[in-house]
Every structure is written in C-alpha cells, then in structure tokens.
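Colleague: I would like to learn how to read a few features of a model. Please give the general idea, then the case at hand.

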Amino acid sequence: MREIVELTKTLIRFKTRTPDTDELHRCARYIQAWLDRYDVVYHRQDVAGIPSIWALPHTGRTKILLVTHFDVVNGPDTLFVPVEKDGMLYGRGAVDDKYAVALSLVLFKNTLAALRRQSGGQADMSFGILITGDEERRTRRRPRTSRGNAATHSKRADGDDSGTPLRGRQDPFSGSPGKNGP
C-alpha cells in the first residue's frame, strides 16, 4: 500500500494541467522510466500531441484493460504539493485519477513479478493497462487497442461519473514500442 501512496504523491507533483503538454510529456516519460525499471514491455502513442502509454500481454489482446489518466483540471500550484493528513492523501489528482495510475502500475508490476517467479512472463498477464493524458482534454482522436476497440472512459462528457463509457474515434493503432518493446 505504501508503494501506491508514494507513487501517487510523485504523480501529483507533475502539474499535468490541461493544456500544458510539456508537463504531460514529462509525466509520461516518468511513467515510461518506471515501467523500464521493471522490464515491462509497453507502447506509447502521442495523439494530437497528447501521450498515452499501454502495456498488454505480448499477444496484444486482453479481456481486461484498466484505463486511467494522469491529466487533471486546472488549479493553483499549491494543489500539486501532496499532503498526507489523518490517513488521507490530498493533492490535485489524488482522487481523479493519479491514484488509479499508481494502482494500475503497481498491480501490473506485482502481477508480472509473480508470473516471472513461476517461469511465466508478460504474455501470461490476464489484464493490460492504458494510461492516457487526455481524459480531461477530450481530444477527438484516441488510441485504439490492437483489436480495434477505442479506449473508453468512465466519465461522460456531461460530467456524469456513472460509469457509462465514452467511445473515441477509431484510429489506426500505430504507437511506437517503449525501450523494452519488441
């Protein structure tokens, strides 16, 4: 649990406010370096200048895809200083959605480590992750999974967080592999 909290605190420090694309790219590079540290094969695609990163089983197919985002709505710089108080973590993105980025990354890493201890690997993963920098921005173009399904989001354009998915425009999936990619 502490690893998730510390990673969330690190992610909060990135001022990934829409439309600050420089900071979005800095945060994406941090996530890529984090994945590299654990030898995770991932891909990155920038659509309309906004980065998205995904890691899947080597087959490129998965029935479960955890979708999260690291961009946040605008706010003062003071909100990008994480604060722990009374067992709670405060800061821009602590709830929407940098905690979920940290949770997805740590879950993927820990599951992969367990598989490796059993002579398995990323090809044996039962889920994948997609981490995007454009949930708040709502670009018209979104990355697709290799099976052709557009990335979905649980927050509707009207602000309703009921879980009703949004579907992005269908684009070719032409992301470049990460440092450890095929």
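Colleague: Which residues line the second largest pocket?

Modeller: On a 1 Å grid over the protein atoms alone, a pocket is an open set of points where a 1.4 Å probe fits, with protein on both sides within 12 Å along at least five of seven lines; lining residues have an atom within 4 Å of a point. Here the lining consists of Met 1, Ile 4, Val 5, Thr 8, Gly 87, Met 88, Leu 89, Tyr 90, Ala 94, Val 95, Tyr 99 and Leu 103. Helix 1 (2-12), strand 5 (88-90) and helix 3 (98-117) each give two or more residues to that lining; helices (H or I, at least four residues) and strands (E, at least two) are DSSP runs, numbered from the N terminus. The model is predicted, with pLDDT of at least 70 needed for local features and 80 or more for side-chain atom pairs, while totals for chains, interfaces and linings use all residues. Residues are numbered from 1 along each chain, and side-chain values use heavy atoms, without hydrogens and water.

Colleague: How do helix 1 and helix 2 lie relative to each other?

Modeller: Axes are lines fitted to C-alpha atoms, for helices over the stretch in contact, and angles run from 0 to 180 degrees between N-to-C directions. The axes of helix 1 and helix 2 (residues 21-37) come within 11 Å and cross at roughly 150°. The two helices are therefore roughly antiparallel (over 145 degrees).

Colleague: Which residues of helix 1 and helix 2 meet?

Modeller: Contact means heavy atoms within 4.5 Å. Glu 3, Leu 7, Thr 10 and Leu 11 of helix 1 meet Cys 27, Tyr 30, Ile 31 and Trp 34 of helix 2.

Colleague: Where is the cis peptide bond?

Modeller: Most peptide bonds are trans, and most residues other than glycine have a negative phi. The bond from Asp 96 to Asp 97 is cis, with omega near 20°, and Asp 97 sits in the loop between strand 5 and helix 3.

Colleague: What is phi of Asp 86?

Modeller: Phi of Asp 86 is positive, near 55°. Asp 86 belongs to the loop between strand 4 (83-85) and strand 5.

Notes: Angles under 35 degrees count as roughly parallel, over 145 as roughly antiparallel, 65 to 115 as roughly perpendicular and the rest as oblique.
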